[in-house]
Every structure is written in structure tokens, then in C-alpha cells.
Amino acid sequence: MILKLLDGRESSILIGENIENLSNYFNSAKVFILTNPDISDLYSDYFPKNSKVITMPAGETNKSLNTVLNTVRQLIAAGADRKSVVVGFGGGIVCDMTGFIASIYMRGVRFGFVPTTLMAQVDASVGGKNGVNCDGYKNMIGVFNQPDFVLCDPRTLKTLPDREFKAGMAEVIKCGLIVDGDFFSYIENNINAILNHDRDMIYTIVNKSVGIKANIVEADEKESGERKKLNLGHTFGHAIEKHSNNALLHGEAVSVGLVIAAKISEQLNLITNEDFMRIKNVLQKTGLPVTTDISLANLLEAIGKDKKRESDSIHFVLNRGIGNSEIREISFDELAILLNKALETL
Ligand SMILES: NC(=O)c1ccc[n+]([C@@H]2O[C@H](COP(=O)([O-])OP(=O)(O)OC[C@H]3O[C@@H](n4cnc5c(N)ncnc54)[C@H](O)[C@@H]3O)[C@@H](O)[C@H]2O)c1
Ligand SMILES: [Zn+2]
């Protein structure tokens with residue numbers, strides 16, 4: 001799959017490619033693998049032979065400028081220059097940081113990703129958003145910049161903890177919900193086999209989700225319109241993630257956000273109660289959370305500080321049936337009323 005970018009460049013997304021072939025996708029003598037210690041333990045045999053490996057600490061609290069600075073210092077010490085290629089090998093945190101570091105190091109060096117979580121394969125590695133957190137606020141510092149290549153080897157998902165796999169499924173389900181009802185039905189009908197890592201089905205869900213995201217990104221690289229649809233479930237997802245004090249994974253918080261968005265869509269007569277139940281059920285069958293005990297006041301406070309806030313209203317993504325969605329500007333006052341009602345009936 002080739003992603004055509006505004007600046008005329010192209011980004012290759014290779015789904016089903018083997019990690020053994022990684023070195024076919026760049027031609028530089030200086031290759032730096034950015035990863036974390038756990039992934040390095042599991043996959044160092046697959047790092048290109050002549051590459052230098054730099055590990056960054058795992059975890060959302062380490063997705064920070066501090067880690068960026070430490071990594072830049074290590075790149076300098078190891079002699080990385082403008083002709084170097086930087087490869088992020090790991091989950092969404094590694095990819096987000098690698099893209100950011102490669103974009104600012106010496107005003108930008110070439111980079112690629114080998115995403116190793118479902119979340120990173122279907123979402124974080126595609127679309128060109130790279131950044132780090134600041135003071136507990138997610139992705140506050142970052143850039144838009146596309147990697148030269150993304151190599152998705154579904155076999156890497158076999159070593160992924162079950163909980164992380166399920167969290168990635170929230171984004172897969174989101175992709176079906178926003179633009180493709182048939183894909184949503186496919187997930188619904190095959191959820192058990194997918195959770196059992198059926199090889200062909202994993203390939204299908206990764207391929208389909210990346211295709212959906214790539215199409216949307218190609219049409220709206222800088223998120224001025226349609227791309228906002230990818231934020232379905234994320235307004236409250238981010239609020240819940242923040243208030244859970246890292247007890248919930250991103251995808252788990254998004255799952256609850258998807259249920260809230262669906263309930264609000266039902267209240268606005270954009271979906272039926274039957275549709276709402278389908279959405280909630282598939283998330284529940286995946287083993288994802290579908291309710292929250294975070295208070296209305298805390299959720300509203302958190303979305304007030306969400307960076308997507310625009311004046312007194314918010315661009316909120318709503319379901320329109322299954323497999324369709326719309327972006328609607330909703331005032332904070334109206335959203336407060338809708339959310340209050342939604343939380344009572346989740
Ligand atoms: N840039 C974007 O568009 C975008 C989109 C979605 C998410 N994100 C970001 O991605 C991050 C979440 O990414 P994530 O869910 O991949 O979490 P993560 O990067 O923290 O990885 C989850 C855990 O799995 C481990 N791991 C990774 N691959 C493994 C494998 N193959 N086998 C065993 N263990 C493995 C990691 O070491 C880590 O402990 C968040 O910071 C989120 O904001 C960014
Ligand atoms: Zn997400």
C-alpha cells in the first residue's frame with residue numbers, strides 16, 4: 001500500500017512483510033534502531049546486522065521530552081548524521097517518539113517503523129502524527145511527518161500480551177464503525193477466531209484498518225476535516241485515560257469512549273438502540289471495558305482541556321448508523337446534558 005502525501009513524497013505501508021526483510025527498505029550504511037528493552041530482548045535477532053540499537057524506557061510517562069533528549073544525546077554520541085536512517089521498532093510509544101526524534105534530529109532524518117503491537121500496526125504507525133506527552137496531557141508536543149516505510153509483520157503480535165492485543169481491537173472496531181459497516185459485521189462474526197489469532201483474519205483486520213486510515217489520511221493529511229472522524233470515541237477516551245491514572249490502556253479507554261459516543265448518537269436519533277447494542281456487545285465480547293465510574297464533572301473538566309477544543313464548542317464525532325459517521329459541532333453545554341444522560345444508561 002502506498003500513501004501519497006501532500007508534499008509529493010510517498011510512504012510505503014507493507015502489510016504481511018517479514019521482519020527478516022527489514023534491511024531491504026532503506027539504503028544507508030548508518031541505521032539506528034530505536035526500541036525499548038523488552039522488545040529488544042524479544043526481537044534483537046531481527047535487527048539489521050550493522051545497525052546500532054538505542055533503547056528508550058517503556059511506558060506512557062516516558063513518552064516525554066526527557067526521553068527525546070536522552071535519545072538525541074545517544075544519537076549524537078553514536079555519530080548519527082543526516083544520511084542516517086532511524087527505525088522505530090516497537091509499539092505506539094516507540095513509533096510516536098521515533099517519528100518525533102527523526103523529525104527534529106539535525107532538522108530531520110529519514111525514518112521508518114516496524115510496529116509490533118496491534119495498536120501501532122493499525123493506528124500509531126500510519127498517518128504521520130508523531131509526538132510526546134507533557135505534564136500528563138497526551139501528545140501536546142509533536143509534528144506531522146510521514147515515515148518512508150512501515151513494515152507490519154503480523155507474526156510479531158504472537159508475543160504481544162493478550163490485554164494489549166484487545167486494546168488494539170478498539171481501534172480496529174472504530175475503523176469499521178466510521179466508514180465500513182461490512183467490516184464491522186466481519187469483526188462481529190469472527191471475534192472469537194480473531195482473539196484466537198487466526199492468521200488470515202489477523203492479516204485481514206490489519207490490512208482493512210490500515211486501508212481505511214490511509215484513505216482518510218490521504219484525503220486530509222493535516223486533519224482539517226474528514227480525518228477528525230478517526231477521533232470517534234477519543235474525546236471521552238482521552239478524558240477517561242487521563243483520569244484513570246494510567247490504570248487503563250489507550251485502547252481500553254477508547255472502548256468506553258466509543259460506547260459513550262454511540263449512546264450520544266442514539267440520543268440524537270442517529271443510530272437505533274439495536275445499533276448501540278451491537279457496538280457495546282462487540283466491544284464487550286472483545287474483553288474491553290464498556291462503562292466508567294469517572295464522574296461527569298471530571299470527564300467534562302478533562303475534555304475542556306482536550307487540545308481538540310475549539311472555543312465554546314467541540315467537534316464531536318458521532319455514529320450515523322453502523323459504518324458511517326459525522327462530525328458535528330456541539331456546544332459544551334449541550335454535550336454536558338447529553339453525557340449526563342448517556343452515563344445513566346450505558
Ligand atoms: N500517532 C498516532 O496516530 C497514534 C495513534 C494511536 C496511538 N498512538 C499512541 O500509541 C501509544 C500506545 O501504543 P501501544 O498501544 O502500542 O502501547 P506501547 O507502545 O506502550 O506497547 C505496549 C506494551 O507492549 C510491549 N510490546 C510491544 N510490542 C510487543 C510484542 N510484539 N511482544 C511483546 N510485547 C510487546 C511494549 O514493550 C509495551 O510494554 C500511545 O502513546 C498513543 O498515544 C499514537
Ligand atoms: Zn487511538
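Predicted model: local features only at pLDDT ≥ 70, side-chain atom pairs only at ≥ 80, totals over all residues.
Student: Where is E164, and what is E164 in contact with?
Tutor: E164 lies in helix α5. Leaving aside neighbours within four places in sequence, E164 is in contact with T117 and L249. Being in contact here takes C-beta atoms within 7 Å. Also, E164 and G91 are 73 residues apart in sequence, yet 9.9 Å apart in space, C-alpha to C-alpha.

Student: Which residues come nearest to ligand 1?
Tutor: Of the 29 residues around ligand 1, those are G91, G92, I93, T117 and M119.

Student: What makes a residue count as near a molecule?
Tutor: The C-beta atom, placed from the backbone, has to lie within 6 Å of that molecule. The shell around ligand 1 divides into 10 nonpolar, 11 polar and 8 charged residues. Elements that each supply at least two residues to this shell include α3 (92-104), α4 (118-124) and α5 (162-179). At least three shell residues come from each of domain 1 (2-159) and domain 2 (162-345).

Student: How do you know that the two domains touch?
Tutor: First, the chain is divided into domain 1 (2-159) and domain 2 (162-345). The contact takes 26 residues from domain 1 and 27 residues from domain 2. On the domain 1 side, the elements giving two or more residues are β1 (2-4), β2 (10-15), α4 and β8. The most comes from α4, with 5 residues. By class, that side of domain 1 has 15 nonpolar, 6 polar and 5 charged residues. As for the C-alpha centres of the two domains, they lie 26 Å apart.

Student: How do you know that β7 and β8 pair?
Tutor: Pairing needs at least two bridges between the strands. Strand β7 (residues 129-134) is joined to β8 by 5 bridges, so the two pair. They run antiparallel. For one of these bridges, look at N130, whose partner in β8 is V143. The hairpin of β7 and β8 has 2 residues between the strands, and D135 there takes a positive phi near 50°.

Student: Which other residues have a positive phi?
Tutor: M106 is one of them, at about 50°, although M106 is not a glycine. Its place is the loop between α3 and β6 (110-115). H197 is another, with phi near 65°, and H197 is in the loop between α6 (181-195) and α7 (199-219).

Student: Why do M106 and H197 count as partly exposed?
Tutor: M106 has 14 C-beta neighbours inside 10 Å, and H197 has 15. Both counts fall between the limits of 12 and 20, so both residues are partly exposed.

Student: What makes a nonpolar core?
Tutor: The largest core here has 92 residues, and L34, V86, V87, I173 and L258 have the most contacts inside it. This core draws at least three residues from each of domain 1 and domain 2. Beyond neighbours within four places in sequence, I173 is in contact with I187, L258, V282 and L283. In soluble globular proteins, nonpolar side chains tend to be buried together.

Definitions and conventions:
Residues numbered from 1 in each chain as written. Chains lettered and ligands numbered in written order. Helix = DSSP H or I, 4+ residues; strand = E, 2+ residues; numbered from the N terminus. Nonpolar A, V, L, I, M, F, W, Y, C, P; charged D, E, K, R; others polar. Domains from an automatic or database assignment. Core = buried A, V, L, I, M, F, W, Y, C linked by C-beta atoms within 7 Å.
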